[in-house]
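Please work through the exercises below with the sequence and the three-dimensional structure open beside the text. Each task is followed by a solution that goes step by step.

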Amino acid sequence: MSENGKSNGQGKLAMYWAASCGGCEISFLNIGLRLLDVDEAFDVVFLPCVADFKVDDVRGYDNGYIDLCLFNGAIRNSENEAMAHLLREKSKIMVAFGSCAYEGCIPALANLTTQEATLRAIYLDNPSTDNADAVLPQPRTAVAEGELELPELYETVKSLDQVVEVDYTIPGCPPEATQIWAVLQAVIDGVELPPTGTILGADRLALCEECPLTRDVKKIDRFYRPHEKIPEPDVCLLEQGLLCMGPATRAGCGALCPQVGMGCRGCYGPLDGVEDQGARMLSAVASVMDVGQSTDGEAALERKIQEAVDTLADPAGTFYRFSMAHSLLRRARTNGDGRDGRPE
Amino acid sequence: MQRISIDPITRLEGHGKIDIFLDGEGNVANAYFIVPELRGFEQFCVGRPAEEMPRITNRICGVCPEAHHVAATKTLDALYRVTPSSAVRKLREMFYMAFYVTDHTTHFYALAGPDFVLGPDAPAAQRNILGVIHKVGLEVGRQVIECRQRNHHVIQVLGGRGVHPVAGLPGGWSRSLRPEEREEFEEIARQNVDFGLFSLQLFEDLVLGNDTYVDMIGSDAFTHETYYMGTVDEKNRVNFYDGDIRVVGPDGKEFVKYPPADYLKHIAEHVEPWTYLKFPYLKEVGWNGFVDGPESGVYCATPLSRLNAADGMATPKAQEAYEKMYETLGSRRINGNYQPVHYRLATHWARLIELLYAAERMLELVTDPEITDPDVRPVVDTTPDEGVGSVEAPRGTLTHHYWTDENGLLRKVNLIVGTTNNYAPIAMSVKKAATELIRGGEVVTDGLLNRVEMAFRAYDPCFGCATHSLPGQMPLQVVVKDEEGRTIADLKQFC
Amino acid sequence: MTQEKERIGVYVCHCGSNIAGVVDVEEVARWAAEELADQGVVVARDYKFMCSSLGQELIEQDIEEQGLTRVVVAACSPHLHEQTFRTACERGGLNPYLSELVSIREQVSWVHARDKEAATAKAKNLIAGGVTRVAYHEPLESLHVPINEATLVVGGGIAGIQAALEIADSGFPVYLVEREPSIGGHMAQFDKTFPTLDCAACILTPKMVSVGSHPNITLYTWSEVEKVDGYVGNFTATVRKRARYVDESLCTGCGICEEKCPRKVVDEAFEAGLGYRKAIYRPFPQAVPKYPVLDPENCTYFEKGKCKACQILCPTEAIDFEQEDELLELKVGNIILATGYDLFDARRIPQYGYGRLPNVYTSLEFERLCNAAGPTDGEVVLRDGRTHPESVGIIHCVGSRDKNYNNYCSVICCMQSLKFAHLVKEHTGADVYNFYIDMRTAFKDYDEFYQRVMEEGVHFVRGRVAEVTDAARRPGEEDKLIIQVEDTFVGRQRRIPVDMVILSAGLEPRHDAEAVARTFGISCSANGWFIEKHPKLDPVATMTEGVFIAGCVQGPKDIPSSVAQGAAAAARVLGRIQMEELALEPVRAGVIADYCSGCRICNDLCPFNAITFDEEEQITEINPALCQGCGTCVAACPSAAITGTQFSDRQVLAQLEGLLRYSGNGAGRQREAVPAGGG
Amino acid sequence: MTEQFEPLIIGFTCNWCSYRAADLAGTSRLQYPPNVRLVRLMCSGRLDPGFVLRALAGGADGVLISGCHPGECHYLEQNLKTMRRYWLLRRTLEQFGVEPERVRLVWASAAEGVRLARIIEEMVEEVRALGPLNWPAVAGENGDLAHVLSPQALHKEEVSSEEVVA
Amino acid sequence: MKEYAYYPGCSLEKNAHSYHQSLIAVARRLNLNFDEVEDWNCCGATEYIALAVLPAYALVARNLALAAPTNGDPAQLVAPCSACFLNLSKADEYLQRRPDMAQKVNVALAEGGLHYDPGSVKVRHLLEVIVRDVGFDAVANQVTQPLTGLRVAPYYGCLIVRPSFNGAFDDPEYPTTMDRLLDVLGASVIDYPVKAHCCGGHMTQIGEEIALELLRRLLKSAADEEADVIATLCPMCQLNLDAYQDAVNRHFGTDYHIPILYFTQLMALAFGLLPEAAGIGQEFVEARPALARIGSEREEEKKKSPARARRRDKDALPMPAMPEEG
């Protein structure tokens with residue numbers, strides 16, 4: 001970091017969220033006493049969750065004034081996007097921090113539906129809402145004293161790298177505190193940074209690598225939902241028909257979910273060379289589905305396979321639970337509640 | 001200088017803003033509290049498998065994912081019509097108490113702390129957790145951080161992950177508590193109790209010992225008389241995990257008490273075109289705008305509200321502290337029960353009392369023989385249909401309501417989350433504070449505006465929850481405009 | 001898309017007028033040169049016949065003069081000339097795999113003859129795909145694997161025997177594994193063989209003996225192959241040598257044990273249930289090897305714990321009740337499967353009465369019946385063991401050419417039935433009726449035999465038999481078997497009373513054919529016969545390198561054809577052995593160790609067992625020699641840790657991108673954009 | 001001529017049956033619409049569902065997947081794996097609002113040139129009837145294919161090429 | 001208690017009353033509940049379909065519609081008469097195969113306020129229900145008076161197994177289920193070679209000559225095998241063999257006296273029910289003399305049993321093992 005020419009011997013650190021839940025900040029706070037070291041090493045120049053700065057201040061900085069910018073949250077509206085551009089301009093190193101910034105995360109599930117359907121569900125046909133004259137939030141509202149404004153949302157949730165150039169990515173929903181610290185420490189110690197585009201704070205291998213459950217050859221005859229089966233302890237969940245995204249997900253979290261008997265949902269994102277995590281996992285699990293034989297006859301075979309496939313509820317929402325915004329298709333073409341492919 | 005409303009910088013900033021309009025005399029004409037974003041969980045959860053909701057809705061808010069996780073899990077119990085074993089219920093509640101301790105700790109020290117510890121007039125740059133640590137000393141700082149860490153450890157062990165836990169299942173929990181862990185957690189619970197007492201002590205020393213603060217708490221600027229909501233057990237004592245919803249009027253009389261599943265009978269939400277967030281209110285009373293008093297359906301659901309809505313605390317030390325607060329703030333006892341306290345800033349005190357309660361409750365549960373029952377994951381094969389579940393989130397009563405098809409895929413989802421309950425009161429408090437504090441166009445100082453912020457910070461608003469779209473912490477922008485809409489002051493406050 | 005620019009040459013073939021008649025080849029070449037320059041195209045030519053030597057030289061020249069690093073030829077189907085142009089590149093000094101053949105004949109000019117504009121556009125588009133793809137091709141070397149000169153022959157019927165002898169006689173080691181106690185197969189059960197009527201035993205037993213005594217043949221009877229690992233040239237077969245309870249090193253085959261054994265059981269195997277054997281037995285006198293087998297199911301000692309007659313009386317103390325199964329590991333370079341067939345079970349056609357009506361026999365029963373060494377010493381008699389039939393009905397196509405059972409023709413039944421007709425006449429002089437659908441007597445001397453049998457006065461009724469019944473309807477039917485049949489020549493129902501009925505049962509795949517196929521990694525057709533590599537041009541090879549098939553495993557056939565196939569398979573194997581080393585197409589999958597997390601998704605996906613899991617390292621490995629390059633595992637790997645040469649993601653995606661980017665639109669015309677949101 | 005929409009259909013065939021079927025269609029001079037572009041794979045089992053998504057995301061209006069009939073796969077049963085992937089993919093695509101007609105799995109043996117030609121004809125008509133898919137616009141992209149072939153997707157194999165055949 | 005819809009058909013109300021009577025009695029013992037379809041109508045017998053398809057199917061479909069379940073999985077409709085069984089299952093099958101026809105039929109049904117979804121009713125023959133759903137063991141448990149010594153010729157006729165819709169439950173050429181059932185009842189079942197041959201059906205009305213010849217064959221074969229009774233499962237077969245036996249004797253100068261009983265009647269007897277309860281006595285050819293033989297050990301018994309040829313003198317050859325014999 002030293003060669004990044006920082007004044008007063010300290011690097012300039014910024015952290016900002018766009019559309020996110022704040023979990024990234026909490027995870028950041030969870031580095032615990034290390035916070036003090038961060039305080040030591042960095043001159044925090046923009047860190048909304050713990051310190052009080054104006055965006056004005058940021059606009060005031062010279063380009064590249066910020067050494068390290070941890071940007072979390074997806075790009076949901078023009079405000080998010082403009083903020084991304086501003087921080088990109090002011091930062092030497094732009095890091096997509098957490099699953100939202102990296103690949104859209106849970107908010108990007110909104111790409112399976114439409115803005116219109118969303119407003120309807122929340123303000124119009126909503127059981128607790130009393131909205132006789134169908135008031136909807138408006139971009140501009142004239143009130144007695146003047147005019148009030150709301151930013152407009154994008155139809156499609158985007159990942160950070162879809163709007164600005166990103167140098168590094170720290171995956172996870174949220175990134176595990178230990179990993180966050182590992183990265184910060186490296187920066188603090190001035191370790192030479194890997195080529196841009198690299199994923200930091202995570203492993204190069206799939207989750208299985210660090211998963212303590214024992215794995216065997218895989219054959220699945222149907223899928224079970226978490227409440228439909230009590231998994232055998234210490235045995236790979238996927239083998240037991242409980243969907244686990246582990247094989248298609250980058251390690252780094254420590255395989256926490258499988259260890260409490262809950263399949264991985266893929267929040268650390270795909271591995272190098274895979275840019276559509278969902279398709280990969282889909283292909284993988286389908287390949288090990290052990291249903292039907294050629295001797296069944298084509299019709300029977302097809303039926304058996306369909307039955308087995310249909311035991312996997314909501315494939316799109318499962319395979320793309322976290323990576324929708326970064327998937328090849330990115331969004332649904334219609335307001336899919338999933339059960340009807342046809343445009344309505 | 002351009003008009004704020006079209007100034008790109010303004011639109012760039014933060015995730016919530018207050019527009020304060022001044023009249024000719026430079027007095028506050030009106031203040032609007034605007035929440036400009038929406039993620040729309042209600043819609044994009046449709047089509048998802050219901051059992052995934054504990055792992056999806058916790059992403060509504062990274063500050064209180066545990067609240068959503070537990071609420072969603074309880075909703076699944078109802079949806080699948082399974083009654084969790086008492087072991088399961090205890091396990092979940094214990095997990096939830098650990099979360100309460102860390103959450104209240106975070107808020108008090110990291111967010112509210114600066115106001116009291118450093119004082120409202122301290123320079124912005126210091127007004128943060130590090131500032132607090134510098135002021136109260138590293139030792140206290142370490143205690144605070146350690147408290148968060150040990151409880152997050154509990155959350156991680158039981159919930160699978162430190163943030164966004166995954167273990168909730170209809171009628172169960174995906175992993176049980178092992179005996180050796182139990183011992184460790186018992187120790188943690190004891191430390192929590194000590195820390196609770198310590199924090200109350202600190203509050204007394206710092207705040208009650210300081211007249212300006214005491215005056216401030218009692219000052220009219222921070223007072224509102226509204227209805228109060230909270231979850232209570234069979235003895236009308238505060239409970240976070242389960243019970244009936246109880247609402248008391250400004251006078252402290254029970255207004256209504258109902259099982260959470262009946263929320264639609266009692267709660268409705270009002271829509272304004274200038275904000276994405278809806279304003280819940282009491283159906284029986286009705287929506288009469290941003291006013292308080294018994295004629296307004298506006299109610300409040302905060303730590304203070306919960307205490308006001310209850311007849312007391314279920315654990316001894318917390319009960320003591322509870323009585324002390326009401327006594328100190330001069331609440332009268334009417335047939336055994338204290339009258340509500342309407343001072344919003346007392347919420348911080350109430351929060352510390354809740355922290356102590358959570359710690360004590362955690363200790364009760366962790367020492368319960370049933371807590372290590374290994375059999376906590378049932379197989380569920382009932383056909384789901386509709387279900388409601390609720391818990392007391394730190395920021396207010398949290399309600400989830402799902403409808404599914406026979407395959408357990410969601411058809412409809414409705415969520416009324418903690419902070420939303422308080423949207424109207426916050427808006428009112430902010431306006432009131434502004435009106436009280438900004439007079440005759442007097443030049444607004446940073447500290448002064450911070451007091452405006454304090455008005456709403458007392459609610460510890462979490463608009464991540466509220467809009468299901470915003471970060472857990474509330475970044476606030478305060479814009480003060482004159483008659484012509486010119487900006488006199490434009491200040492920011494995050495958290 | 002290419003990393004450092006490749007220098008690509010594009011060659012568009014006219015194929016006379018085959019392509020040029022529809023596609024504007026000059027235009028295509030021009031377009032490629034201009035529009036694809038940024039993709040690395042440095043030269044694009046069109047030529048009358050690219051596959052001609054002149055056309056090929058064109059490529060070679062350009063490689064040298066223009067320093068091409070990649071070559072795309074747009075001509076006919078790769079299945080025709082891919083090899084041609086690869087070799088051309090090689091001659092030009094370019095790795096053959098750095099070329100790509102784009103089919104604009106089979107896929108463009110011949111199928112879009114009516115729309116020249118569209119055809120030309122599509123040709124451009126396909127070439128663009130080829131160009132973007134070829135940029136990612138990698139130089140490949142074919143793999144060489146040494147070949148173990150030993151061969152495993154499975155099945156000791158005539159086909160297996162023939163194959164084993166051919167190879168052994170050429171001086172190479174053979175392991176012959178047979179499930180039954182003796183080799184010989186079905187042929188050993190037969191009496192005479194058509195059309196020459198020479199005795200089966202007389203021609204078979206000498207061969208059996210030479211197998212038994214051949215220095216290069218190791219014979220394992222009463223044994224089965226349980227598992228096959230490895231790949232062409234280097235197979236390891238695990239063979240279960242079932243306990244005989246006879247110590248072969250001590251046994252002299254004197255036969256006293258068999259003689260003295262008090263337990264007599266119906267011999268369902270060799271005698272087809274018509275005769276008896278002992279609990280310890282040799283299926284037949286000339287059995288090879290000569291050692292008997294003790295069958296514990298029926299042995300008094302194994303049942304009651306006492307008897308031991310055989311052990312007590314054995315002069316060499318060769319009986320060993322403690323003996324256990326042995327597992328042997330055989331290392332071989334090639335495998336020949338000659339596991340034969342099962343006879344159709346005539347009980348499945350109840351209206352023919354087999355099993356109900358005593359005097360209904362199956363073909364195999366009859367073979368034993370008229371076999372001089374059979375249970376009746378060759379006397380053709382009714383089930384009562386005395387009466388000679390005065391009239392015999394022989395029904396063809398029992399279980400064959402019948403959609404209720406098997407659609408196919410069992411090939412041998414006609415000739416076999418004619419043989420039976422002749423033998424019945426010869427042995428008994430009875431009236432003989434043959435009931436057939438069609439008479440199929442192809443091949444040398446067969447039809448002559450048919451004529452001969454006709455001359456012998458056998459009656460032939462063309463029609464499918466409805467039922468065989470003992471329900472007499474009118475005088476003359478009493479105590480007879482009445483054959484109800486529609487005589488399609490006279491066009492009416494007939495009832496023909498006879499004393500004996502012979503069912504010419506069809507041939508079926510072995511009941512366990514599927515399992516065997518799986519063990520050896522080859523495939524069965526829908527009706528269960530093993531699939532050859534090519535039905536005409538490669539009838540004894542299979543899709544699995546190094547595994548060959550001979551005889552009835554591949555489909556019903558007579559003895560001459562089985563022998564021929566046995567020899568053919570042997571010849572193929574010998575050819576392989578001579579090569580000493582085998583070159584394999586380098587289209588293979590491989591694991592990138594650094595990226596494998598050991599999730600084991602792929603572990604069960606390979607039918608050729610090329611994928612193994614290294615428990616030590618906890619990662620998966622692929623044996624390139626075993627891999628057949630299908631790419632299924634590549635597509636299945638959730639962490640993209642497996643990649644395939646010649647069909648890597650990169651190459652396919654690059655081609656895809658070329659196709660999409662230069663598509664213009666579906667038929668080469670302009671498409672107007674549609675608003676977002678689709679529906 | 002009147003502007004009729006010409007769908008672009010990407011076809012994936014296996015090397016052994018379906019590609020040969022296409023060859024046969026050619027040698028027997030069967031005529032079918034020119035809207036299909038075939039990509040030859042060794043086996044339909046090689047088909048990575050990602051290929052299909054890329055084709056759609058990159059502007060194709062439909063995708064045809066073709067292989068040997070069950071039981072006739074030259075790699076024994078790999079085409080069954082394709083079938084399993086196909087059905088799971090199809091369910092997923094339904095949720096993305098892609099009509100089933102746009103992505104079809106069909107078996108064609110080397111002898112079924114006629115069948116393949118007929119299926120192509122049929123599919124072109126069905127997709128034409130459905131109208132353009134034009135996913136780049138749907139995904140909020142301006143038709144730029146960058147994301148369809150991201151260098152990231154490729155960088156890894158470069159590391160590997162030698163290791164593969166060694 | 002297994003629940004079934006029950007379609008008796010016209011014969012069981014009149015000439016085949018003994019069939020109805022005995023099957024109900026047996027069913028009670030076997031815990032089968034037969035719930036008669038309300039207001040059922042003629043099945044169209046074997047002729048109607050030949051005359052006019054649509055009305056024929058509509059006619060049958062009405063019965064199916066009446067039997068159709070108001071809820072859940074396919075109703076089981078039991079038809080004891082082979083003709084009814086065939087018509088009902090045939091109609092259902094064709095309506096499934098031909099939606100256009102089904103649609104027309106439903107238009108017709110709608111007139112009567114009915115509707116039928118093809119496939120929603122599973123048509124079963126009584127025999128199948130007894131051997132498949134109840135099973136031989138359960139039947140054996142009920143046997144108190146084994147039919148020892150009674151030589152029975154199991155006669156299936158044609159319609160029950162040919163053509164077989166909704167899956168054959170026995171071999172179409174040479175069925176054996178009733179053989180095994182009777183065997184369980186303790187009777188000596190003869191291997192009846194003409195068990196699936198034609199009884200003449202309605203030929204008795206059209207060409208008596210032919211009918212009588214067909215009947216003669218059946219009777220002769222039974223007589224040759226020294227059967228005491230012929231067991232049937234079809235009212236038409238029973239009627240022809242029973243009512244026309246005399247005519248056969250007159251026409252061919254033969255002298256057959258073979259009582260024709262429904263298999264359910266024999267079951268009833270074996271279950272220890274009174275002959276009256278089993279409907280014995282309603283037949284033309286008196287059954288009582290034959291039934292008197294029950295229990296009497298007859299020497300030639302062994303010799304005549306189907307396995308007779310398996311008895312080996314020293315030089316006889318073994319018979320092939322039959323599947324059930326291992």
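This is a predicted model: local features need pLDDT of at least 70, side-chain atom pairs count only at pLDDT 80 or more; totals for chains, interfaces and linings use all residues.

Residues are numbered from 1 along each chain as its sequence is written, chains are lettered from A and ligands numbered from 1 in the order in which they are written, and side-chain values use heavy atoms, with hydrogens and water left out.

**Exercise 1.** Describe the fold content, extent and burial of chain E.

Step 1: Chain E holds 16 helices and eight strands, where helices (H or I, at least four residues) and strands (E, at least two) are DSSP runs numbered from the N terminus.

Step 2: The C-alpha trace of chain E spans about 70 × 45 × 40 Å along its principal axes.

Step 3: In chain E, 53% of the 326 residues count as buried, that is, under 20% relative accessible area, with exposed meaning over 50% and partly exposed in between (1.4 Å probe, protein chains only).

Step 4: Of the contacts in chain E between residues at least 6 apart in sequence, 77% join residues at least 24 apart, a contact being heavy atoms within 4.5 Å.

**Exercise 2.** Which chains make the most contacts with each other, and which do not touch?

Step 1: Six pairs of chains touch, and the most contacts are found between chains A and B.

Step 2: Chain B and chain C share no contact, and their closest C-alpha atoms lie 17 Å apart; chain D and chain E do not touch either, with their nearest C-alpha atoms 24 Å apart.

**Exercise 3.** Is C:Gly399 buried or exposed, and what does C:Gly399 touch?

Step 1: C:Gly399 is placed in the loop that runs between β21 (391-398) and α13 (413-428) of chain C.

Step 2: Because its relative accessibility is 1%, C:Gly399 counts as buried.

Step 3: Not counting residues up to four places away in sequence, C:Gly399 touches C:Phe344, C:Ile349, C:Tyr405 and C:Asn406. A separation of 8.2 Å lies between the C-alpha atoms of C:Gly399 and C:Leu507, which are 108 residues apart along the chain.

**Exercise 4.** Locate C:Arg368 and state its surroundings.

Step 1: C:Arg368 belongs to helix α12 (residues 363-369) of chain C, and with a relative accessible area of 2% it is buried.

Step 2: Leaving aside neighbours within four places in sequence, the contacts of C:Arg368 include C:Phe270, C:Glu271 and C:Pro375.

**Exercise 5.** How many residues of helix α2 of chain D are buried, and what lies at the start of α2(D)?

Step 1: Helix α2 (residues 49-57) of chain D is mostly covered, nine of its nine residues being buried, among them D:Phe51 and D:Arg54.

Step 2: At the start of α2(D), a side-chain oxygen of D:Asp48 comes to within 2.6 Å of the backbone nitrogen of D:Gly50.

Step 3: D:Gly59, which follows α2(D), has a positive phi, near 120°.

Note on methods. A polar contact is a pair of N or O atoms within 3.5 Å; within protein, one must be able to donate a hydrogen and the other to accept it, and residues adjacent in sequence count only if both atoms are side-chain atoms.
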